[in-house]
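The structure is shown first.

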Amino acid sequence: MTSYQNGESYGFTPQQINDMNQQLTQTRTQRVRAAMFPETLETGTSFPYPQLDPNNPTAVQRLSEPSQMLKQAVTGLVNYQDDADVATRAAPELTKLLNDRDPAVVARAAVMTHQLSKKEACRIAMCNSPQLIAALCGCIQTADDPQTQLNVASALHNLSKHRAGLVVIYKCGVIPLLIRLLGSSVEKVVFLSMSCLHNLLLHQEGSKVAIRQAGGVVKMTHLLKVNNAKFLALTTDCLQILAYGELETKDEIAAAGGANELVRIMSSAVYEKLLWTCSRLLKVLSVEFKCKQVIVQSGGMQILGALLNQQNKRLVSNCLWTLRNLSDASIKQENVESLIQRLVKLLASQDLNWVTCAAGILSNLTCNNSRNKTICTQVGGVEGLLRVVHQCVDNNLADVSEPAVCALRHLTARHPECENAQNSVRRHGGLPLICGLLEPPFRNWPVIKAVVGLVRNLALSAGNVDGLRQSNVITHLCSLVQYAHGVAQQQSAGGGAQSPNVDQYDGVTMDEIVEWGVGALHILARDSTNRAAIRSLGLVPTLVQILYSQHVNVTRVTCGLLNELSQDFEGARVIESEGATQPLQELIHHTDPHIASYTAAVLYNMSSDKPAEYIKRLSVDLANQFVSNRQYDDSTRNYALHDPLGIEVTDNDRVDLFGSDL
């Protein structure tokens, strides 16, 4: 070896260089030995290395690390085989000892079994001995010594870490014994047994059924009172796996007080993994009706709402989905002001699932709850929901807009701030956006139904009437009513068979679309300009046909719209020319007071250009009709101001779409 490089000697004389080369040559074997087998050298032994640059190791130095790894691997293989051989030979003997009548012998055998189970090779060999596993089972049943139970539980837990171990534990019927160990007085035995069951649930097919049949659900639920965060995280994860998609298991958990305990745990826990596993289990339980009620009554809405500020996104997602499932059972729930504020803030999130959940929760919480509507309006709910709808339209996600539109529909009616909400939609440019959702082709009927209800509420504000008309809402509504009525007629003529293009979507029928569309036009028709627009679009013939509907609600709103249209002379003339007189004369005797009142008003308006004798005779007939229906109160006679759609529908059907265990 030479120390020359590019003809340079780095300041050494030729003699010095020769001496160094000779020394390096003499110590080459020792350097290789030091690199590959350093344990064979005496302590303190050192050799010179031909290394000029500290950052550039020699070939021997580079060989050191991989050679050590290779040596360890070879040693491991030798030891692995040795361990397997030892366990194979020891298994029959350990089986005999575990079955011995002397508790001391059994205890020592349990210790030896535990020690062997710590090594992977031994575990594989033990898994090949069902007799040994059966002996461990017998030991569990007969041993009273806590230390023996601990050793056996530890051995089974170690075996459950291996695929073959899970199979043999399952086939040998160990699961009922593990469930029994959950009642042990030794905390570590309970923990190891639960961990073993958790491994079975995760990786062994059939273990769920076996654990349910062995009473494991109730046993695990009772353990939710244990004050150990890591153990509770393990237990709740087991219960989540068992309850997923199983109504009976959910009922068992609820009956054993599990829902209450979960809410209690989440109210005080700080261990993030525990919060996450609890939220997963609550999400699964919140689908079941009985569990919903228990969770809500235990303050679950408030506890889950407080966790929406967490940084863990998975935890927040689980809380949102759980709140979404619970919200239809929380309409009358109090003390949700903070929750509503957090949900409104989440409407600005970039996560589409979060936004969808937040909008759905707000939709249910504001349904028929005046206080919640007022709070949501005051904290900027209208602006946030409009922003969500705008984003959905821009990204072609009209389906996602439904919960937001439903929430807006609730905020714009029946609470002290409803007029402010109605005008806020207009001030934030929401009228063209909302009306644009009614443009043909008509596809998503739940969204269309929600939009029609929102338009009706917006029309209650005089400041919105012009903006709605300029957004072509009257044209869209007339087209919608005509289309839906035509489809309903086709379905009726076909014996109930529905066209595949307009089949029911989430329970929305064409008769409902007709009812809601005509109801919205009824409110809009209070304006004379709008009445003229409706007449010009040729809707009156369709309305006359709808009078023959078998649905009372449809007939009622249609009579209300005809009443508004008949306020104008031209409207009354068109109604009469389309043959409305006969069905109206029949409807005047209808048992529904609103239908009778509307019909009477329309007939009276249609008689304005008739001879005096005809008007007098009609007045007598109408008076006799009202006398025969004295049960009508004064409010029903105020037909011109009657609100045909003055109700809200709880969003239960929509909740069920999200109410899954996913």
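**Helix 22**

In helix 22 (residues 370-378), the buried residues are Asn372, Lys373, Thr374, Ile375, Cys376 and Thr377; buried means under 20% relative accessible area, exposed over 50%, and partly exposed in between (1.4 Å probe, protein chains only). Helices are DSSP runs (H or I, at least four residues), numbered from the N terminus. The buried residues of helix 22 pack against helix 20 (337-346), helix 21 (352-365), helix 23 (381-394), helix 24 (401-411) and helix 25 (418-427), where contact means heavy atoms within 4.5 Å.

This is a predicted model: local features need pLDDT of at least 70, side-chain atom pairs count only at pLDDT 80 or more, and totals for chains, interfaces and linings use all residues. Residues are numbered from 1 along each chain as its sequence is written, and side-chain values use heavy atoms, with hydrogens and water left out.

After helix 22 comes Gly380, which has a positive phi, near 90°.

**Helix 23 and helix 25**

Helix 23 and helix 25 pack with their axes 9 Å apart, at an angle of about 40°. Axes are lines fitted to C-alpha atoms over the stretch in contact, with angles from 0 to 180 degrees between N-to-C directions. From helix 23, Val382, Glu383 and Leu386 make the contact; from helix 25, Ala421, Ser424 and Val425 do.

**Lys161**

Lys161 lies in the loop between helix 7 (146-159) and helix 8 (163-171). Lys161 is exposed, because its relative accessible area is 53%. Its C-alpha atom is 9.3 Å from that of Glu120, 41 residues apart along the chain.

Technical notes. Helix = DSSP H or I, 4+ residues; strand = E, 2+ residues; numbered from the N terminus.
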